[in-house]
Amino acid sequence: MITPAQLQPSTQATLFRHESDDAGHSDWGYMHADAPSGYHPCFSERLLHDMRRTQEHIRSTLASGHHADAGAHHLVLASDAGVFNLGGDLALFSQLIRSGNRDRLLDYATLCVEVAFNLYELYEDRVHSIAVVQGDALGGGFEAALCCHTIIAEEGVGMGFPEALFDLFPGMGAYTFLTRRVVPAQAERMMLNARVYPAEELRQMGVVDMIVAKGDGLRAARDLIRQHQRIGNALRAMNTVRQACQPIHLDELLAVTTQWVDAAMRLNDRGLRTMERLIRAQRMRAQAGDDTRSASA
């Protein structure tokens, strides 16, 4: 088992805590680390930039020849918050849409897509990514999990796309990655019905790979990495086969997210008011979480 003492945490205070385990050839990323009071665990620009910097560091390390054996390197994506991720920064969306700032919204969407693509194909065939979903994964949070090669979810977790509630669709990789796990017609239903699916149902559909007891997600990821050490060469080969048979291209993701930006800029006042009600609900949820942590302390 990997203990905190065996990990080398990043010294930079960010919303994304990065830890490396040289012995196991793995990197562990925890979203929403050291978050300030009142922070709601979404994909803020700061979190996205932190994640991209970490991805670039891992890419550089692998490109330098470090860990240059035949096996696969693992990247685990998890969360320090009570949820995995609640999705895009809706407060920023509302502000940019109301002010007509399409260019800034496109910059945000492009950053999301680049981070998502790197999760899937960080360094050619070298990296096998694992999402450990402890708590709900909604919208962009669900998309982030889908970008990973393996999804481990704890019992009771919910995942889904709420975007249709405010007349939008999930546009940062949902269709591309979800159709690798379910047929396109099912993917479209899931993207437009705003339903939050229990992890157990997603496992039956083939969207989630493993269901574990609450609190066991990280342990299950460590166990899986140990199992994978015996088949590291095969994992790398499967990464190559997957890309050859079902290729994912950054240009495709960028084209889709451009359509998302155009759709977002067309939202009417009713859709924006619904989005803003959801923002308030997320902030109340974050405040309730702060109050619970304070009471526990």
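These questions and answers walk through a predicted model of one protein.

Reader: What is the mean pLDDT of the protein?
Author: The model is predicted, so confidence comes first. Of the residues, 88% reach 70 or more. The mean pLDDT is 88.

Reader: Which stretches have pLDDT below 50?
Author: Residues 1-12 stay under 50, with 20 contacts beyond four places in sequence. Where pLDDT is low, the predicted coordinates should not be read in detail.

Reader: How many helices and strands does the protein have, and what share of its residues is buried?
Author: The protein has 11 helices and 10 strands. The chain counts 297 residues. The buried share is 54%.

Reader: What share of the contacts with a separation of 6 or more joins residues 24 or more positions apart?
Author: Take the contacts in the protein with a separation of 6 or more. Residues 24 or more positions apart account for part of them. That part is 73%.

Reader: Is H128 buried or exposed?
Author: H128 lies in strand β5, residues 127-133. Its relative accessibility is 5%. The cut-off for buried is under 20%. So H128 is buried.

Reader: Which side chain makes a polar contact with H128?
Author: Beyond four places in sequence, H128 is in contact with H73, H74, L75, H149, T150, H228 and L235. A polar contact of 2.8 Å joins the side chain of H128 to one of these residues. The partner is T150.

Reader: What separates the C-alpha atoms of H128 and R236?
Author: Along the chain, H128 and R236 are 108 residues apart. In the model, their C-alpha atoms are separated by 8.0 Å.

Reader: How are helices α2 and α3 oriented, roughly parallel or roughly antiparallel?
Author: Helix α2 spans residues 90-98, and helix α3 spans residues 102-120. Their axes come within 8 Å and cross at roughly 150°. Angles over 145 degrees count as roughly antiparallel, so α2 and α3 are roughly antiparallel.

Reader: Which residues of α3 meet α2, and how many residues in this contact are charged?
Author: From α2 come L92, F93, L96 and I97. They meet R104, L105 and Y108 in α3. Six residues of the contact are nonpolar and none is polar. The charged count is one.

Reader: Which residues does V115 touch beyond four places in sequence?
Author: V115 is found in helix α3. At 3% relative accessibility, V115 counts as buried. Its C-alpha atom is 7.0 Å from that of L48, 67 residues apart along the chain. V115 touches L48, M51, R52 and Q55.

Reader: Is M265 buried or partly exposed?
Author: M265 sits in helix α10, residues 250-265. Its relative accessibility is 24%. Buried would need under 20%, so M265 counts as partly exposed.

Reader: Which residues does M265 touch, and what separates its C-alpha atom from that of N101?
Author: Not counting residues up to four places away, M265 touches L96, I97, G100, N101, R102 and L105. M265 and N101 are 164 residues apart along the chain. Their C-alpha atoms are separated by 8.6 Å.

Reader: How many residues of helix α4 are buried?
Author: Helix α4 covers residues 140-147. Its buried residues are G140, G141, F142, E143, A144, A145, L146 and C147. So α4 is largely enclosed by the rest of the structure. The count is eight of the eight.

Reader: Where is H32, and what is its phi?
Author: H32 is found in the loop between β3 (26-31) and α1 (45-63). Its phi is positive, in a residue other than glycine. The value is near 65°.

Reader: Which side chain makes a polar contact with H32?
Author: H32 is buried, with a relative accessible area of 4%. Its contacts beyond four places in sequence include L15, P41, D80 and F84. A polar contact of 2.9 Å joins the side chain of H32 to that of Y39.

Reader: Is D34 buried or exposed?
Author: D34 lies in the loop between β3 and α1. Its phi is positive, about 50°, although D34 is not a glycine. The relative accessible area is 64%. The cut-off is over 50%, so D34 is exposed.

Key:
Residues numbered from 1 in each chain as written. Predicted model: local features only at pLDDT ≥ 70, side-chain atom pairs only at ≥ 80, totals over all residues. Heavy atoms only, no water. pLDDT = per-residue confidence, 0-100. Contact = heavy atoms within 4.5 Å. Helix = DSSP H or I, 4+ residues; strand = E, 2+ residues; numbered from the N terminus. Buried < 20%, exposed > 50% of the residue type's maximum accessible area, 1.4 Å probe, protein only. Polar contact = N/O pair within 3.5 Å; in protein donor to acceptor, adjacent residues only side chain to side chain. Axes fitted to C-alpha atoms, helices over the stretch in contact; angles between N-to-C directions. Parallel < 35°, antiparallel > 145°, perpendicular 65-115°, else oblique. Nonpolar A, V, L, I, M, F, W, Y, C, P; charged D, E, K, R; others polar.
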